[in-house]
Amino acid sequence: MNEHKQLITVENLKKYFPASHSSFFKSSSVVKAVDGIDFSISSGETLALVGESGCGKTTTARLALRLDYPTHGRITVNGVDIHTIKGSALREYRKKVQAVFQDPWSSLNPRIRVRDLIAESLIMNEKLSKKEITKHVEKVLDEVGLRPDYARNFPHEFSGGQRQRIAIASALISRPQIIILDEPVSALDVSIRSQIMNLLKELQTQYGVSYLLVAHDLGTTRFMADDIVVMYLGKIVEHAKTEELFNNHRHPYTRALFSAALPSHPDDHSSEVLLQGEIPSPLNPPSGCLFHTRCNVKLGRRCETEIPILQSVGDQDANHVAACHRLDND
C-alpha cells in the first residue's frame, strides 16, 4: 500500500477476553475485542483507526504497546514479533515505540518534575551522564515549542496544551520509529488542537516517525492520516487512503460515520444516514454481517447469515477494500 519500507505489520490479530457468565448472554464465552485484523504502516506515515467506542481500536493500540498480549496473530516491528522479545531486544523496542495518550491531565505524574518525566525513557534504556540527559531534555523541549527552563517545573504548572507538548517531548526523546497517538487532541480546547496537530506533522516530517492514530474525530483524521482503517465490533469493515475514503466511502457503516460528522464548511450538505439502534453487545454479537442489525441497505438473509470478507472496491484503487455483500452487486 505504500512505497516506503513497512515498519509495523499487523497480521490476523485477535484479542479475546473471557466473558463473565450471565443468564442474559449464553451464546458467547468470550468478548472478541479484536477479531482477525490486518494492516501495515510504512516509515514516516500515519495510519488511523476510527470507529465508535467498543470497536476495538484502543485494544489494538494496547497490543501494539505490549500492554496486552494477543490471543492469536502477531504484530511485527521491522520484522520482529514484539510479543516474543526479551532482554536487550525488549529495551530496543521500548525505545522504538512510544505513546501519547488522550488526557494530558492524567497521563503525566503530577509529583515528578518535567525533566524527570521526559528523561525516563533515556534513563531506562540508555547509559548517559546526567549532563547528557539534561542536554537531551532541553533540546526536545525546544523542539516541541517549550522553553528549556520549563524542565524544572511540575506538570500542574502548565496549561492542557503545554502538558500535551510535554507528553510529546517524553515520547520523542528516545527518537522512536513509531508513536501511538491515542486521541491526542480530543481532550484539548478547540483553539489549540490545530497547534498540536501541526506540531505532530512537523515532527513527523523532521524525524520520519510513523504514527498509529486512534481517533473518532474525522477532521483530525483527515488532517493527520495517510491511511484510514474503519473498525466495527473488532473487525475492519473498510480500509483506504485518506482522500479515497473521504471521497468514495463504500461501506454503510463508514457512510453513517461520515454523515454524522460536522461538515468541513457550513455550506456543505450531505444526505443523512441514520444508524438504527445501539451497537450490539460484544457478549452476544449478531450472526452474519456484524452491522446488519443497524444497516438500512441490508440484503436480507444473506447479510443476516453470511460473514462478508474484505474485497477490492472497483478497479480504480486496489488498495481500497471493504467488507460488504452489496459490493458484489455493484
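**Reading the model**

Guide: E183 is buried, with a relative accessible area of 11%; buried means under 20% relative accessible area, exposed over 50%, and partly exposed in between (1.4 Å probe, protein chains only). This is a predicted model, in which local features need pLDDT of at least 70, side-chain atom pairs count only at pLDDT 80 or more, and totals for chains, interfaces and linings use all residues. Residues are numbered from 1 along each chain as its sequence is written, and side-chain values use heavy atoms, with hydrogens and water left out.

Visitor: What is the phi of E183, and where does E183 sit?
Guide: Most residues other than glycine have a negative phi. E183 has a positive phi of about 50 degrees, though it is not a glycine. Its place is the loop between β7 (178-182) and α6 (190-207). Helices (H or I, at least four residues) and strands (E, at least two) are DSSP runs, numbered from the N terminus. N78 also has a positive phi, near 55 degrees, and belongs to the loop between β4 (72-77) and β5 (80-81). At 26% relative accessibility, N78 is partly exposed.

Visitor: How do I read a strand such as β3: which way do its residues point?
Guide: In a regular strand the side chains alternate between the two faces of the sheet. In β3, T46, A48 and V50 point one way, while L47 and L49 point the other way. Five of the five residues of β3 (residues 46-50) are buried, so the strand is largely enclosed by the rest of the structure.

Visitor: Which strand does β3 pair with in the parallel sense over four bridges?
Guide: Two strands pair if DSSP finds at least two bridges between them. β3 pairs in this way with β8 (residues 210-214), where L49 has V214 as its bridge partner. Four bridges also join β3 to β9 (residues 227-232), again running parallel, and A48 stands opposite I228 there.

Visitor: How many disulfides does the structure hold?
Guide: A disulfide is a pair of cysteine sulfur atoms within 2.5 Å. The structure holds zero of them. For C55, the closest cysteine sulfur is in C289, 15 Å away, which is too far for a bond. The sulfur of C289 has its closest cysteine sulfur in C303, at 5.9 Å, also too far for a bond.

Visitor: Which residues touch the most other members of the largest nonpolar core?
Guide: A nonpolar core is a set of buried Ala, Val, Leu, Ile, Met, Phe, Trp, Tyr and Cys residues joined through side-chain atoms within 4.5 Å. The largest has 55 residues, and I118, V137, I168, L181, Y211 and I228 touch the most other members. Helix α5 (residues 160-172) gives the largest share of this core, six residues. A second, separate core of 30 residues includes L47, V77, L90 and L212.

Visitor: How many aromatic pairs are there?
Guide: Rings of Phe, Tyr and Trp (its six-membered ring) pair if their centres lie within 6.5 Å; planes under 30 degrees apart count as stacked, over 60 as edge-to-face and the rest as tilted. A search of the whole structure finds five pairs. Y232 and F291 have ring centres 5.2 Å apart and planes at 90 degrees, so they are edge-to-face. This pair links distant parts of the chain, 59 residues apart. Ring pairs also join Y232, Y253 and F291 into a cluster.
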